[in-house]
Amino acid sequence: MENNKTEVILSVKDLEVKFKLRGKVLHAIRKVSLDIYKGEVIAIVGESGSGKSVFTKNFLGLLDSNGFISGGSIMYGGTDLAKLSQKKWEKAGIRGKEIAMIMQDPMTSLNPLKSIGDQIAEAIMTHRKISKSEAKLEAIKCLRDVEIGDEERRYKQYPHEFSGGMRQRVVIAMAIACNPKILICDEPTTALDVTIQAQVLKLIKNLKEKYNLTVIFITHDLGVVANIADRVAVMYAGDIVEIGNSDEIFYDPKHPYTKALLKSLPNIAEKGNDLHSIKGTPPSLFGEIVGDAFAPRNPEALNIDYVETPPYFEVSPTHKAKTWLLDPRYKKYNGEQS
């Protein structure tokens, strides 16, 4: 899909996030910059522990208590979200109302002791000054929008009466209830089977158009976002190592990590072939990473990859990657004769 969006709705510059753990400091996000365009679907992909969820939690002020922003900015509508204290977050009226999130596990997002409808209505009344009866009508409308049939009866039911896929739809209904501008989807299909996954992805796509949403889609699986994302940002060890529109990432990947992720996708057309896996493990984020973080796992690594961190090299106006392999001098770096 081509990305023709030019209006930046949220701009991250040189963001650094750290955690204090057992007397040590973990450098979770390492000077990440990213512009998110109004109306796009941008996917943030990478292995577990790459920093995807931690990165986007900062857009809602939801870092764990031992985490803190040590540098950079997150500009949204003239407000630097990186500078907001928890008290200011509550007063700002951004979390839930303007930027909303769908969490990974719907069971932990729903209260088992409250009816589905009451939970959605409560979310609406938290951010909008309307009566309980008005909130109920809005909640029923949200249930209808997420394609839960017989919504008035369903309104009175409890989470345990819903299947996993239906609970995920309820969580999506809660997220869109206040008509946010940005919707963050944190691995929303992880616990679902393939058929339900496809239905939920189609639903998110439809809601994006209906509610004029900007969608940030977090996943470890590139295959999940192939048909939904306008752009893809690939994260590794707390940094975005490659970003481009969907076609560029899928058909012309440049960073060795992106290539390895794509190779790891199962191909149902190839019978009997072993599934590709990325050898090794991600680096420790305690202390400084020297050079390219992926170098120890990269069979194409150059000598300089172990010494100096690569900058972004532009492949096209919409596509860039942090790899020395794109430097025209790479043969020299690798000890080869030019």
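Helices (H or I, at least four residues) and strands (E, at least two) are DSSP runs, numbered from the N terminus. By that count the chain holds twelve helices and twelve strands. This is a predicted model, in which local features need pLDDT of at least 70, side-chain atom pairs count only at pLDDT 80 or more, and totals for chains, interfaces and linings use all residues. Residues are numbered from 1 along each chain as its sequence is written, and side-chain values use heavy atoms, with hydrogens and water left out.

**Overall chain**
- The radius of gyration (over C-alpha atoms) is 21 Å, close to the 20 Å that the globule rule gives for 338 residues, so the chain is as compact as a globular protein of that length; the rule is 2.2 Å times the number of residues to the power 0.38.
- Along its principal axes, the C-alpha trace spans about 75 × 50 × 40 Å.
- Of the 338 residues, 49% count as buried, meaning under 20% relative accessible area (1.4 Å probe, protein chains only).

**Largest pocket**
- A pocket is an open set of points on a 1 Å grid over the protein atoms alone, where a 1.4 Å probe fits, with protein on both sides within 12 Å along at least five of seven lines.
- The largest pocket has about 660 Å³ of space, the volume being that filled by probe spheres set on the points.
- Of its 23 lining residues, Arg 95, Gly 96, Ala 123, His 127 and Met 174 are the closest to the centre; lining means having an atom within 4 Å of a point.
- H4 gives the largest share of the lining, five residues.

Definitions and conventions. Buried means under 20% relative accessible area, exposed over 50%, partly exposed in between (1.4 Å probe, protein chains only).
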